[in-house]
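Colleague: I have a chain to discuss before the group meeting. Could you take me through the model?

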Amino acid sequence: MRGGEVRPLLLGVLNVTPDSFSDGGVYHATERAIARGHELVAQGADIVDIGGESTRPGATPVSPADEQARVLPVITALTAAGIAVSIDTIHATTAAAAVAAGARYINDVSGGLHDPAMMGVAAEASRDHGVTFIVGHWRGIPDRAHQRSDYDDVVAEVRGALAQLAAAARAAGVAAEHLVLDPGLGFDKTGTDGWRLLAQLDQLTSLGYPVLVGASRKRMLAEVLAELAPQAGAGSHTGADPRDLATAVVSALAAGAGAWGVRVHDVSGSAQALAVAGAWAAGAVAAGPAGPAVDHAPAPHNADRITLTGLEVFAHHGVFDFERERGQRFVIDAEVSVDLSAAAAGDALAQTVHYGELASAIVAAVERDPVDLIETVAERIAGVALRFPGVREARITVHKPDAPIEATFADVSVSIVRRPAL
């Protein structure tokens with residue numbers, strides 16, 4: 001996290017499969033999977049990423065019908081509880097069904113290449129529901145022998161392929177603010193390839209889109225740990241996967257490199273690592289530069305701001321039963337403080353806040369489970385806004401123009417100001 005930025009989003013992995021490489025079979029039963037989804041959120045996950053088909057090398061392909069039978073009941077239950085859900089699938093029909101069930105992210109490790117209909121589904125979901133499309137890089141189902149890992153320059157080639165996939169998604173109708181890129185660590189990439197991509201993550205973020213890092217429990221981590229003396233390895237952590245500590249380290253380093261999100265199995269470990277990384281970054285900001293002031297330093301008092309006003313959302317918040325039953329309009333004003341100098345200097349979308357993505361996130365937050373007070377709604381929105389990388393302060397106003405007041409009035413509103421916790 002640079003310059004006091006808020007931590008990346010945490011995507012908690014939930015494999016509703018019998019054969020995934022790490023936890024296949026553990027959460028195959030629907031009720032157990034639902035309970036695990038709630039557990040991941042309690043541990044700090046922002047999004048639960050649900051998959052019903054393993055993409056490990058040698059995995060047996062699953063029909064979309066079987067995949068949907070596994071994931072849809074879990075998605076329906078978790079979204080009904082107000083939990084943000086991503087569907088991890090390479091099948092367009094599963095993605096469409098998941099969005100209809102409440103998923104707000106489509107995570108396709110093939111980047112739309114496996115199923116020609118995926119781009120159209122993602123475009124419709126973006127247009128009609130504000131769904132984010134996570135575009136992964138691959139060359140097919142992973143080949144453990146790495147026969148397709150023949151890169152001359154893995155960073156340049158992955159960057160170029162992701163740029164083409166992003167352009168194809170936008171041409172299909174996916175909004176730019178609804179695109180996230182994933183370099184596809186472990187998908188026809190050696191461990192060395194993966195580390196090169198992570199070390200040069202700025203080459204990917206320079207494309208102007210958020211970037212997701214998914215290194216959790218992958219073989220590239222096991223290869224590093226295998227070089228340790230047995231007594232120094234992570235296997236001594238009883239009950240934990242030996243790669244979880246290494247995954248948490250990658251999460252912290254990815255935060256410093258500007259990742260939008262990290263996808264992990266062990267949410268609690270990465271949440272702790274990101275909290276420490278955030279405190280470290282905040283301390284660096286508080287200390288100030290170690291030398292003379294430089295051009296484009298953040299303006300005092302967070303002078304750079306992005307403002308979104310008059311965002312209307314229909315929801316069911318209120319103390320009275322009829323408010324919960326009928327619902328009403330809520331109008332949101334959001335102002336976020338973020339250093340815009342890097343974005344302006346480089347004309348780089350990745351260095352600023354996607355206001356369309358911010359609007360979609362706010363709408364989703366307001367539409368979630370009903371609460372009594374608009375103060376609670378405002379607090380919820382502030383939390384969402386502060387999760388965007390680079391946001392240092394959020395000023396939120398929630399208007400309730402149709403509040404049940406027995407008098408003539410123009411508006412009722414609550415305003416709050418929140419900053420990231422150090």
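Predicted model: local features only at pLDDT ≥ 70, side-chain atom pairs only at ≥ 80, totals over all residues.

Colleague: Is L10 buried or exposed?

Modeller: L10 counts as buried, because its relative accessibility is 0%, and the limit for buried is under 20%.

Colleague: Which residues is L10 in contact with, leaving aside neighbours within four places in sequence?

Modeller: The contacts of L10 include G44, A45, D46 and I47, and also V262, V264, V267, S270, A271 and L274. As for A45, its C-alpha atom is 5.0 Å from that of L10, although the two are 35 residues apart along the chain.

Colleague: Let us step back. How many helices and strands are there in the chain?

Modeller: The chain has 14 helices and 12 strands. It has 422 residues, and 51% of them count as buried. Among contacts with a separation of 6 or more, 70% are between residues 24 or more positions apart.

Colleague: And the core? Which residues have the most contacts inside the largest one?

Modeller: Those are L14, I50, I75, L78, I106, F133 and V213, within a largest nonpolar core of 65 residues. Helix α5, residues 154-172, gives the most to this core, with 7 residues. Another core lies apart from it and has 32 residues, among them A315, V336, V353 and I416.

Colleague: What does F133 touch, not counting residues up to four places away?

Modeller: Among the residues that F133 touches are I106, D108, M118, M119, A169, V174, H178 and L179.

Colleague: Changing topic: how many salt bridges does the structure hold?

Modeller: There are 22 salt bridges. In one of them the side chains of D49 and R263 meet, at 2.6 Å from N to O. This pair links distant parts of the chain, with D49 in strand β2 (residues 47-51) and R263 in strand β8 (residues 261-264), 214 residues apart.

Colleague: Are D49 and R263 buried or exposed?

Modeller: Both D49 and R263 are buried. For another bridge, take D128 and R127, where the closest N and O atoms are 3.2 Å apart. R127 counts as exposed because its relative accessibility is 59%, while D128, at 43%, is partly exposed.

Colleague: What about R139 and D150?

Modeller: Their side chains also meet in a salt bridge, at 2.7 Å from N to O. R139 and D150 are in the loop between β5 and α5, 11 residues apart. R139 is partly exposed, with a relative accessible area of 30%, and D150 is exposed, with 54%.

Colleague: Now the aromatics. How many aromatic pairs does a search of the whole structure find?

Modeller: The search finds 3 aromatic pairs. F320 and F322 form a stacked one, with 5.5 Å centre to centre and 10° between the planes.

Colleague: Why does F320 count as partly exposed?

Modeller: F320 counts as partly exposed because its relative accessibility is 42%. F322, which lies in helix α11 (residues 321-326), is partly exposed as well, with a relative accessible area of 35%. Together with V319 and L373, F320 and F322 make a nonpolar surface patch of about 360 Å².

Technical notes:
Residues numbered from 1 in each chain as written. Heavy atoms only, no water. Helix = DSSP H or I, 4+ residues; strand = E, 2+ residues; numbered from the N terminus. Buried < 20%, exposed > 50% of the residue type's maximum accessible area, 1.4 Å probe, protein only. Contact = heavy atoms within 4.5 Å. Phe/Tyr/Trp six-rings, centres within 6.5 Å; stacked < 30°, edge-to-face > 60°. Patch = residues over 30% accessible without salt bridge, like charges linked within 9 Å, V, L, I, M, F, W, Y side chains within 5 Å. Areas by Shrake-Rupley, 256 points an atom, 1.4 Å probe, with all protein chains shown as cover. Salt bridge = Lys/Arg side-chain N within 4 Å of Asp/Glu carboxyl O. Core = buried A, V, L, I, M, F, W, Y, C linked by side-chain atoms within 4.5 Å.
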